[in-house]
Amino acid sequence: MGLMPSAWAQQIKPSPTLEIKAIADRSRLEGKQIYDFGIGEMNPELPVPHLLKTAISQAVMDDATHYSPAAGDPELLEAIHADLRLFGLNYSLSEIVACPGPKDAVFKICVTMLNPGSRRNRLVAFAPIYESYENLPILLTGKPPIVLQTNAHFLPDPNQLADLLNKDDTIALIVLNSPNNPTGTVYPPSLLRELADIIGKHEQICVLSDEVYRTIVYDDLKHVSIASYLPNQTLIIGGMSKEVSGTGLRLGFIAGPEAVMRTIANVEGNTSSCVNLPTQKGYAHFLRKDANLRLRYQIRDALYVRREALMKRFSELVKEAIGERPSGAFYFFPDMRLYCGRRTPEGELLNTDEALALYLIKSANVVTVPGSKFQRPGHLRFAYAVSLETINAGIQQLAEALDRLCV
Ligand SMILES: Cc1ncc(COP(=O)(O)O)c(C=O)c1O
């Protein structure tokens with residue numbers, strides 16, 4: 001008998017976006033021109049701001065290469081504290097912990113709040129659901145998340161949540177993600193307040209508010225955190241990955257009530273020790289200099305231009321599939337059910353969104369992520385932090401490939 005990973009760990013699925021990235025990379029190596037709407041990453045199209053790159057390099061040259069306190073370098077915690085105030089949130093330094101990336105922050109919250117030995121150990125998430133929220137509860141408790149579907153506008157139904165919380169006493173954690181991956185939906189403040197009122201009636205339930213896209217909101221909308229209404233039960237997640245295109249720099253943070261944050265800091269100290277210090281120092285410098293959000297809004301504005309181009313192209317060429325107009329993040333998640341069920345020119349039946357996505361890669365070199373990977377079948381996710389040429393040519397290729405399908 002050989003090595004045997006834990007039964008719960010064996011149930012973990014590979015990251016769908018990284019799987020899709022591997023397919024796109026293979027095709028690229030074969031010399032194909034790829035229209036890659038797969039991975040949720042801005043680099044290389046929108047690189048890390050120069051100010052941040054130089055600040056991180058400078059920290060290395062200054063020998064800031066030792067351990068920091070587990071919760072984070074005080075300079076960074078101070079900068080995050082000031083930055084959160086720009087969003088109307090007031091957290092002291094002992095209420096913030098830095099982690100090696102937003103996904104790691106998700107993991108640390110789940111490890112801290114989901115007690116496998118307790119009856120109250122289930123995570124609730126709203127579909128479409130981001131990959132970590134599907135896999136981590138299984139890894140940590142052996143139980144899948146309870147998934148509630150959102151409505152046609154991808155918004156949660158407060159009454160459905162209230163009913164669930166009133167009848168089910170196993171819930172420990174509720175995930176909210178606005179601006180949302182994969183839909184680009186931004187939750188209105190009135191909805192967040194309604195959800196806060198409902199969850200506030202259940203004091204033991206924690207909200208994980210995933211706000212990694214908080215600076216990428218369009219159309220004069222404003223990002224609002226549910227923590228504004230429910231501070232004592234909310235843990236906020238933020239980080240560098242999407243705000244400053246720093247996916248490979250690996251810095252995220254959690255902010256929440258001090259009693260829980262003390263435990264999370266202990267988890268951090270015993271697992272990661274700390275986040276790499278040059279990144280912490282560099283980000284602290286960047287946040288201080290970007291106290292008016294100017295550099296981050298430049299990134300948002302560049303993404304806005306791409307959203308407009310994508311929406312225009314879709315409305316011209318793929319009219320039947322046009323879905324909810326995204327108002328944040330850099331994803332579009334149209335309903336493609338009309339095309340599922342059609343046949344390729346070779347006669348192959350494309351009866352799922354996964355089959356449709358594979359057909360688009362093979363026949364048009366257009367890479368997307370199928371909605372079933374987010375538990376919302378029949379859709380495709382387009383990550384549009386790509387060049388305008390990719391948007392224009394890619395949607396043209398997509399439209400031609402869809403036109404070749406037979407009813
Ligand atoms: C909603 C959401 N949360 C967390 C993450 C994790 O970010 P990272 O992979 O950079 O840790 C992502 C990444 O795409 C995301 O979309």
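These notebook entries record what I looked up in the structure.

**Entry 1: ground rules.** I note that the model is predicted: local features need pLDDT of at least 70, side-chain atom pairs count only at pLDDT 80 or more, and totals for chains, interfaces and linings use all residues. Residues are numbered from 1 along each chain as its sequence is written.

**Entry 2: overall fold.** I found 14 helices and 14 strands in the protein chain; these are DSSP runs, helices being H or I of at least four residues and strands E of at least two, numbered from the N terminus. The radius of gyration of the protein chain is 21 Å, close to the 22 Å of the globule rule for 407 residues, so the chain is as compact as a globular protein of that length. The radius is taken over C-alpha atoms, and the rule is 2.2 Å times the number of residues to the power 0.38. Of the 407 residues, 48% count as buried. A residue is buried if 20 or more other C-beta atoms lie within 10 Å of its own, exposed if 12 or fewer, and partly exposed in between, with C-beta atoms placed from the backbone.

**Entry 3: helix H10.** I compared the span of H10 (residues 258–271) with expectation: at 1.5 Å a residue its 14 residues should span 20 Å, and the end C-alpha atoms are 20 Å apart, which agrees. The expected span is 1.5 Å times one less than the number of residues. Which residues of H10 are buried? They are Met 261, Ile 264, Ala 265 and Glu 268. They cover an arc of only 105° around the axis, which puts them on the same side of H10; the arc is that of the directions from the helix axis to the C-beta atoms. I recall that an α-helix has 3.6 residues a turn, so residues three or four places apart point the same way. The buried residues of H10 pack against strand S2 (96–99), helix H5 (102–113) and strand S8 (252–255), while the face turned away from them carries the exposed Ala 259 and Asn 270.

**Entry 4: helix H6.** In H6 (residues 131–141), 8 of the 11 residues are buried, so the helix is largely enclosed by the rest of the structure. Its buried residues include Tyr 133, Leu 136 and Pro 137. Their cover includes helix H2 (16–29), H5, strand S3 (122–127) and strand S5 (171–177). Just after H6, I found Gly 142 with a positive phi of about 80°.

**Entry 5: ligand shell.** I listed the residues around the ligand, among them Gly 101, Pro 102, Tyr 130, Asp 210, Val 212 and Ser 241; a residue is near a molecule if its C-beta atom, placed from the backbone, lies within 6 Å of it. H5 gives the most to this shell, with 3 residues. Val 212 lies in the loop between strand S6 (206–210) and strand S7 (234–239), and it counts as buried, with 26 C-beta neighbours inside 10 Å. The C-alpha atoms of Val 212 and Ser 241, 29 residues apart along the chain, are separated by 7.5 Å.

**Entry 6: backbone details.** I found a cis peptide bond between Ala 127 and Pro 128, with omega about 0°; Pro 128 is in the loop between S3 and H6. Another cis peptide bond joins Ser 178 and Pro 179, with omega about -10°. Asp 63, which is not a glycine, has a positive phi of about 65°, and it is exposed, with 9 other C-beta atoms within 10 Å.

Terms used
Contact = placed C-beta atoms within 7 Å.
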